[in-house]
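Let's take a friendly walk through a protein chain, going from its overall plan down to single residues. Keep the sequence and the 3D view open as you read.

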Amino acid sequence: MSISTLQRAEKSMTINFPLEKVKESVKKVSEKLVGKYNMIEVNEVFNTYQFALHNGMIIGIGDLVLEAVSDDKTKISFVVNNAHGSQGTSPILEGMANDYLNVLGKILAGQDIEKEKNAASSAGLGGIVYLIVFIIIIVIIVRAFF
């Protein structure tokens, strides 16, 4: 018997917006929150989107599938997995999925996402600080042994 250690979050819902408006809004999320949601691949034929989600030090890969249910309803299927080497738990990935869907909902509703833009800038800054500290530690270790 094998036990899967794959961490993931899955969401599925039907919303009262036409497919084309949802597609436009998905693209706007990546355009407006560069650094937090980076589009990797778009398939317009199958209405699939893959992007990296950044949450401080955790990176997830989001797979979003859109399906027209009727002229004014769209089904959203969304799965967030850990990026290779990332160690996010299911609750963290679930939070990342919820954050993304909340931003998408605000854009669909025409609401302001300035708060999310500021949070995305702060999250990117945290990653840069971590990287600089990591490089300094490596330099210290290398100088100590060589």
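The chain has 3 helices and 5 strands. Helices here are DSSP runs of H or I with at least four residues, strands are runs of E with at least two, and both are numbered from the N terminus. Along the sequence they follow the pattern β-α-β-β-β-β-α-α. This is a predicted model, in which local features need pLDDT of at least 70, side-chain atom pairs count only at pLDDT 80 or more, and totals for chains, interfaces and linings use all residues. Residues are numbered from 1 along each chain as its sequence is written, and side-chain values use heavy atoms, with hydrogens and water left out.

**The chain as a whole**

Of the 146 residues, 30% count as buried. Buried means under 20% relative accessible area, exposed means over 50%, and partly exposed lies in between (1.4 Å probe, protein chains only). The chain exposes about 9,200 Å², and carbon and sulfur atoms supply 59% of that area. Such areas come from the Shrake-Rupley method with a 1.4 Å probe; for residues, only the protein chains shown count as cover. Now look at contacts, meaning heavy atoms within 4.5 Å. Among those between residues at least 6 apart in sequence, 54% join residues at least 24 apart.

Strands pair if DSSP finds at least two bridges between them. Here are two pairs to trace in the 3D view:

| Strand pair | Sense | Bridges | Residues facing each other |
|---|---|---|---|
| β2 and β3 | antiparallel | 6 bridges | Tyr 37 opposite Leu 53 in β3 |
| β3 and β4 | antiparallel | 8 bridges | Asn 55 opposite Ile 58 in β4 |

The hairpin of β2 and β3 has 4 residues between the strands. Asn 47 is in this loop, between β2 (37-43) and β3 (48-55). Its phi is near 55°, a positive value in a residue other than glycine. Is Asn 47 buried or exposed? Asn 47 is buried, with a relative accessible area of 11%. The hairpin of β3 and β4 has 2 residues between its strands, and Gly 56 in the turn has a positive phi of about 70°.

Lys 11 lies in strand β1 (residues 8-15). Which side chain makes a polar contact with the side chain of Lys 11? The partner is Glu 94, at 2.9 Å. A polar contact is a pair of N or O atoms within 3.5 Å; within protein, one must be able to donate a hydrogen and the other to accept it, and residues adjacent in sequence count only if both atoms are side-chain atoms. Leaving aside residues up to four places away in sequence, Lys 11 also touches others, including Ile 76, Phe 78 and Leu 101.

Asn 16 is in the loop between β1 and α1 (19-32). Asn 16 is exposed, with a relative accessible area of 58%. Asn 16 and Asp 72 are 56 residues apart in sequence, but their C-alpha atoms are 5.8 Å apart in space. Not counting residues up to four places away in sequence, Asn 16 touches Asp 72 and Lys 73.

**A residue in helix α3**

Finally, find Ile 135 in helix α3 (residues 114-145). Ile 135 counts as partly exposed, at 45% relative accessibility.
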